[in-house]
Amino acid sequence: MAFPSSASKDSLATVWSGIQARASQVKIHAQELRNSSAAGPVSGKNVVDFATLLADAVVMLDRAAAVPGIVQYARDQIGNQLLDVVAEFTAMRAQIIATRGWIVANFPKDGSGYLLLMSFTADGRYTFRTLTTAQTAGLRTQLDALTATIA
C-alpha cells in the first residue's frame, strides 16, 4: 500500500477545517455585501462574484458532507454531542442556495436571459452596472438570513 498523500484522501481534520473556513468566508462576504448595499449603490460585479462564491461553496460543502465520519468528528471538535450538526449544516446550505437563487432570479437581464452587467463608455472601455439600495433590498434580506445561519 502506498503512503496516502493529501491529494489521495482528505482527513476528517482537513475536511472539518475546510467546512469552517468556507462558512467563515461566506459569512464575511455576505456581511460586506450587505453593509455596502445598505450604504449605497454596489457594483453588479460584486453581486455576480458573490453568487459564484456561493455556487462554489455548495459544491465544496456537498463534497465535505459526504465524507464518512464527518458528523461525529464535528461534534467532537465542537465539544457538544447534543448539537444537531446535520440540521445546522443543512440550514446553512439551504440558505446559501436560497441567496444564490435570489441573485440568479433578480439580477437584471435582457429578454434572452443574459445579464445586464456592463456597458461600454464613450471611449470604448467598459463599466460595470451599479445596483441601487432599493434594487438590493431583497438581497439584504437574504444576506441577513444567511449570516444568521453561520456562527
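**Entry 1: Ala 64**

I began with Ala 64, which is buried at a relative accessible area of 4%. I took buried as under 20% relative accessible area, exposed as over 50% and partly exposed as in between, with a 1.4 Å probe and protein chains only. I note that this is a predicted model, in which local features need pLDDT of at least 70 and side-chain atom pairs count only at pLDDT 80 or more, while totals for chains, interfaces and linings use all residues. Residues are numbered from 1 along each chain as its sequence is written, and side-chain values use heavy atoms, with hydrogens and water left out.

I placed Ala 64 in helix H2. Helices (H or I, at least four residues) and strands (E, at least two) are DSSP runs numbered from the N terminus. Neighbours within four places in sequence aside, Ala 64 is in contact with Val 15, Ile 19 and Ile 70, where contact means heavy atoms within 4.5 Å. I also checked Leu 12: its C-alpha is 9.1 Å from that of Ala 64, and the two are 52 residues apart along the chain.

**Entry 2: helix H2**

I followed H2 over residues 44-65, which makes 22 residues. From first C-alpha to last, H2 reaches 31 Å, close to the expected 32 Å; the expected span is 1.5 Å times one less than the number of residues. At the N-terminal end I found a cap: a side-chain oxygen of Ser 43 lies 3.1 Å from the backbone nitrogen of Lys 45. For such a polar contact I required a pair of N or O atoms within 3.5 Å; within protein, one must be able to donate a hydrogen and the other to accept it, and residues adjacent in sequence count only if both atoms are side-chain atoms.

I listed the buried residues of H2, among them Val 47, Phe 50, Leu 54, Val 58 and Leu 61. The buried residues of H2 pack against helices H1 (12-39), H3 (70-78), H4 (85-106) and H5 (137-148), and against strands E1 (42-43) and E4 (130-131).

**Entry 3: helix H1**

**Entry 4: the core**

I then looked up the largest nonpolar core, which has 32 residues. Such a core is a set of buried Ala, Val, Leu, Ile, Met, Phe, Trp, Tyr and Cys residues joined through side-chain atoms within 4.5 Å. The residues with the most contacts inside it are Ile 19, Val 26, Val 47, Phe 50, Ile 96 and Leu 146. Each of H1, H2, H3, H4 and H5 supplies at least two residues of this core, and H2 gives the most, with nine residues. Not counting residues up to four places away in sequence, Ile 96 touches Val 26, Leu 54, Val 58, Leu 61 and Leu 146.

**Entry 5: Gln 142**

I located Gln 142 in helix H5. Gln 142 is buried at 19% relative accessible area. Beyond neighbours within four places in sequence, I found Gln 142 in contact with Gln 95, Ala 98, Thr 99 and Trp 102.

**Entry 6: the pocket and Glu 88**

I recorded a volume of about 560 Å³ for the largest pocket. Of the 20 residues that line the largest pocket, Trp 16, Ile 78, Val 85, Glu 88 and Phe 89 are the closest to its centre. H1, H3 and H4 each supply at least two residues of the lining. On a 1 Å grid over the protein atoms alone, a pocket is an open set of points where a 1.4 Å probe fits, with protein on both sides within 12 Å along at least five of seven lines; lining residues have an atom within 4 Å of a point. Points are joined across faces, edges and corners, and the volume is the space filled by probe spheres set on them.

I placed Glu 88 in helix H4, partly exposed at 46% relative accessible area.

**Entry 7: Thr 127**

I found Thr 127 in strand E3 (residues 126-128), partly exposed at 35% relative accessibility. With neighbours within four places left aside, its contacts are Leu 117, Met 118, Ser 119 and Thr 121. The C-alpha atoms of Thr 127 and Leu 54 are separated by 24 Å.
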